[in-house]
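Subject: Structure handover

Hi,

Here is the structure I promised to pass on.

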Amino acid sequence: HAQVYTLSLVLDFPRMGCCSSQGGAAQRQLDHPPILLGNCRPAGGNVVVAEARPSLIGKVGLLGQAQARPPPEKTESARPSLHEQLKQQMAAHRAEAEAAQAFAREHVQQHLAAAKAESVRCQYQVQQHIKQQLTDAQHHRVLVRNQLQQHVEEGLARVHEARARLHLLEEQMADALARNDENKTETLLDFVLEHMHSGSLPPKCSCAAARAASCQLRTAIRSEDPKRLKGAMVVARRLRATQVPEFEEAASKYKAVHRLPEGWDVERMLAEGQQHLRRGKLLAKPDVSEDLRLKDSIQLLFDRTERLVGTRDRKGELPMRLEVVKVAEVQHEDQWVNYMIRRETISAEIRASASEEQPLLAVAAETGRALAKEAAAIGMPGPALDEAINEAWLFHGTHPIAAENITSNDFRLDLAGSSVGAFYGRGIYAAENSTKADEYSREDPATGLYTMLLCRVTLGRLKYVVEKNPDPRECEDACLRGDCHSVVGDRKVCSGTFREFIVFDEDQIYPNYVVSYRRVTATPSGADV
């Protein structure tokens, strides 16, 4: 069914001199309807054309000037017809397709048989593995059951042995109490306390412990010696006899001697102090966030002392507000006693050198003015501030780990200026503005909150500095070798930022509260500003 056929001609032009004597070949494409052509064979230098049209022969004669000879007669068996060729080709293709299908079926069947065999083998292996696991689990359960039973039997045996020993101790303790044998009583108590780390003591032992604790507490109360009072309270707690009446009396006497603030729980301070390296330390940090009056007072200090002014120490965006979230009170006996002693010393020095010619420069901290403006006269717990010696509430910004170290131990002057420098000398820096202290606060990764200490600070006699570039050594010498007790660097006057307060004695500052707060960087839409 092709539209173009190729006519093969064998030409010989010996007389024209354009071809070799052996003859040449040429091909031409025709655009007329299809025509079936036979083989073209050379015959004596002439052109032989099979079943060609006369017009085509004429065109060829013009080209080669050759005479056409009649083709030999073609038999039916010489060449099959096109229809037969197509039938033969279709039969061959059909045979090949059937052979390919048979091969594919055989190949697929072989793969299916192999896959089925592999599946059966895998199932058998899985079943065997499950059986082995079940067997091992059963053996393990039996082993664990036997071990538990053995442990229970050993525990019951120890319990029976402990009960028998305790019964014997009760009898011995009753005998020692009946004979008033204090040495025997103390020996038995030590043995019981060594082997019973928690829980209540047996009745006889508890009675002996209360009796011994009461005796030591009464002796300490009569002596009014703070060390003996503290020692007797530590012994009473060790004997688990803090419920005796003498313990409360001794705690009140001890608080009065050391002028500890009202509300401090001495028993709790003893309990939490046992967790530190120094046994017998009175230290507690109770969460007082539920005291809304106290929390509101601290929030008031934050709000009324904030100033939206940034300095070179500010890292990040300036917050619009600092919102108090949690407040913990620091009840640290050693730090408080040292602070009160230093406070009294500064007061005595100021009274001794007071004169009308050189009056004491008042600090007038913004925190004091903020509390004084409150109509309800909300004040901070504890003793009232002594304005005669420039005692004030001030902020100290820090990070959570440093706050824990400061409140458990104390400030460390040897680390002064290690994070932000010592512009006014190597001292402890505090601020009257919450925004200024916030510049040195760091975020707690666990809670996302920031930490600030609210401290009592006794400033005493001030060295007032307004220079833009002060001499740090001169500031230190004025307090360590001169008659000043603190330095006030008034950057508000020389730079328009904040005032800073520096002390060079750890005992002049007491970290009263640990405040956890969040930074509010934007005002919600529709809120009052």
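Let me start with Arg240, which counts as partly exposed because its relative accessibility is 26%. You'll find Arg240 in the loop that links H5 to helix H6 (245–258). Its backbone is worth a look: phi is positive, at about 55 degrees, even though Arg240 is not a glycine.

Asn390 sits in the loop between helix H10 (366–372) and strand E6 (391–398). Buried or exposed, then, for Asn390? Buried, since its relative accessibility is 4%.

Before you go further, please keep in mind that this is a predicted model. Average pLDDT over the protein chain is 80, and 78% of the residues score at least 70. Strand E8 (residues 450–458) has the highest confidence, at 96, while strand E2 (residues 24–29) has the lowest, with a mean of 40. Two stretches need care:

- Over residues 1–68, pLDDT stays under 50, and the model has 75 contacts beyond four places in sequence for them.
- Over residues 525–529, pLDDT again stays under 50, with 1 contact beyond four places in sequence.

On the overall picture, the protein chain has 14 helices and 12 strands. It runs to 529 residues, of which 36% count as buried. If you take the contacts between residues at least 6 apart in sequence, 73% of them join residues at least 24 apart.

Back to H5, this time for its packing. Which way do H5 and H7 lie relative to each other? The axes of helix H5 (residues 226–238) and helix H7 (residues 266–273) come within 11 Å and cross at roughly 70 degrees. That falls in the range of 65 to 115 degrees, so H5 and H7 are roughly perpendicular to each other. On the H5 side the contact is made by Met233, Val234 and Arg237, and on the H7 side by Val266, Leu270 and Ala271. Sorted by type, the residues of this contact come out as 5 nonpolar, 1 charged and no polar.

Gly489 counts as buried because its relative accessibility is 0%. Leaving aside residues up to four places away in sequence, Gly489 touches Tyr424, Val465, Phe498, Arg499, Glu500 and Ile502. Take Tyr424 from that list: Gly489 and Tyr424 are 65 residues apart in sequence, yet their C-alpha atoms are 7.4 Å apart in space.

Last, the cysteines. How many disulfides does the structure hold? The count is 0. Cys475 is in no disulfide, and its nearest cysteine sulfur, that of Cys479, lies 7.7 Å away; the cut-off for a disulfide is 2.5 Å between the sulfur atoms. Cys475 counts as buried because its relative accessibility is 2%. Cys215, at 40% relative accessibility, therefore counts as partly exposed.

That's everything from me for now.

Cheers

Conventions:
Residues numbered from 1 in each chain as written. Predicted model: local features only at pLDDT ≥ 70, side-chain atom pairs only at ≥ 80, totals over all residues. Heavy atoms only, no water. Axes fitted to C-alpha atoms, helices over the stretch in contact; angles between N-to-C directions. Helix = DSSP H or I, 4+ residues; strand = E, 2+ residues; numbered from the N terminus. Parallel < 35°, antiparallel > 145°, perpendicular 65-115°, else oblique. Contact = heavy atoms within 4.5 Å. Nonpolar A, V, L, I, M, F, W, Y, C, P; charged D, E, K, R; others polar. pLDDT = per-residue confidence, 0-100. Buried < 20%, exposed > 50% of the residue type's maximum accessible area, 1.4 Å probe, protein only.
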